[in-house]
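This report walks through selected helices, strands and loop residues. Have the sequence and the model open as you read.

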Amino acid sequence: VVTTSDVRMARESDAAIFCFGKVGIADRETKNLAETEEVSIRNHLIIYRLLEDAKDVFAGHLPVEYTTRVHGKANVQAVFEVTDKNKASVSVAGLRVMDGNLFKAKSIGEKPLLCFYRVLRNGDVVEGSEKLKSSSLRRVKEDVDSVKRGEECGLQLDGFNELEEGDVIECYSIEEKRVAI
């Protein structure tokens, strides 16, 4: 039987209470306290359902791993200096996509995924070019959301104007994944 003392201990340790069988039923006072203290009392009559539920709850407390996923790479064919809407000089890279795709933004199912860019020169990441966002991605003067392998495009990166011919630009995202139990 779950007691008010169990509920208080669970609240102090930010835990849920798991019960198995009919003996895990709490009285009205204990249920009210659990509701007030926002402590979950989870009762199961089938052991494998209790184990699945516990696994789901514990998974929410595990650390998150961040992984970098490269979506595409492009070669800088030319660099153009243009004036933006604020009358400032900015660099636009004329690119040919060598591998994968370049994205302005990407979605996994219905979840939007931020895409970033970095600039590689002679195989090394150029200082200050990590986690850049695209302010413009165009194909033949048309704004586009993605560019495929073999296609050419123009790309302007927010806050980065030190592009050079021969640079490689990578499009990537940082995805989070919970550690599995």
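## Where the buried side of H2 packs

The buried residues of H2 pack against H1 and strand S2 (41-44). Helices (H or I, at least four residues) and strands (E, at least two) are DSSP runs, numbered from the N terminus. Contact means heavy atoms within 4.5 Å. Buried means under 20% relative accessible area, exposed over 50%, and partly exposed in between (1.4 Å probe, protein chains only).

This is a predicted model with residues numbered from 1 along each chain as its sequence is written, and its side-chain values use heavy atoms, with hydrogens and water left out. Local features need pLDDT of at least 70 and side-chain atom pairs count only at pLDDT 80 or more, while totals for chains, interfaces and linings use all residues.

Which residues of H2 are buried? They are Thr30, Leu33 and Ala34. Seen down the axis of H2, these buried residues fall within an arc of 100°, so they line one face of the helix. The arc is that of the directions from the helix axis to the C-beta atoms.

The face of H2 turned away from its buried side carries exposed Arg28, Glu35 and Thr36. Just after H2 comes Glu38, with a positive phi of about 60°.

H1 buries Thr4, Val7 and Ala10. Viewed down the axis of H1, its buried residues fall within an arc of 120°, so they line one face of the helix. They pack against strand S1 (17-20), H2 and S2.

Arg8, Met9 and Glu12 are exposed on the other side of H1. Asp14 follows H1 and has a positive phi, near 50°.

## How H1 meets H2

Two packed helices are described by the angle between their axes and the distance between the axes. The axes of H1 (residues 4-12) and H2 (residues 28-36) come within 9 Å and cross at roughly 15°. That makes H1 roughly parallel to H2. Axes are lines fitted to C-alpha atoms, for helices over the stretch in contact, and angles run from 0 to 180 degrees between N-to-C directions. Angles under 35 degrees count as roughly parallel, over 145 as roughly antiparallel, 65 to 115 as roughly perpendicular and the rest as oblique.

In H1, Thr4, Val7 and Arg8 meet Glu29, Thr30, Leu33 and Ala34 of H2. By class, this contact has 3 nonpolar, 2 polar and 2 charged residues. Ala, Val, Leu, Ile, Met, Phe, Trp, Tyr, Cys and Pro count as nonpolar; Asp, Glu, Lys and Arg as charged; the others, Gly among them, as polar.

## Two strand residues

Arg42 sits in strand S2. It is partly exposed, at 27% relative accessibility. Not counting residues up to four places away in sequence, Arg42 touches Ala16, Ile17, Phe18, Cys19, Asp53 and Val57.

Val147 lies in strand S10 (residues 146-148). Is Val147 buried or exposed? Val147 is buried, with a relative accessible area of 0%. Leaving aside neighbours within four places in sequence, Val147 is in contact with Val97, Gly100, Asn101, Leu102, Leu137, Arg139, Glu152 and Cys153.

## The loop between S8 and S9

Val140 lies in the loop between strand S8 (134-139) and strand S9 (142-143). Val140 is not a glycine, yet has a positive phi of about 45°. Val140 is exposed, with a relative accessible area of 78%.

Lys141 is found in the loop between S8 and S9. Its phi is positive, near 65°. Lys141 counts as exposed at 79% relative accessibility.
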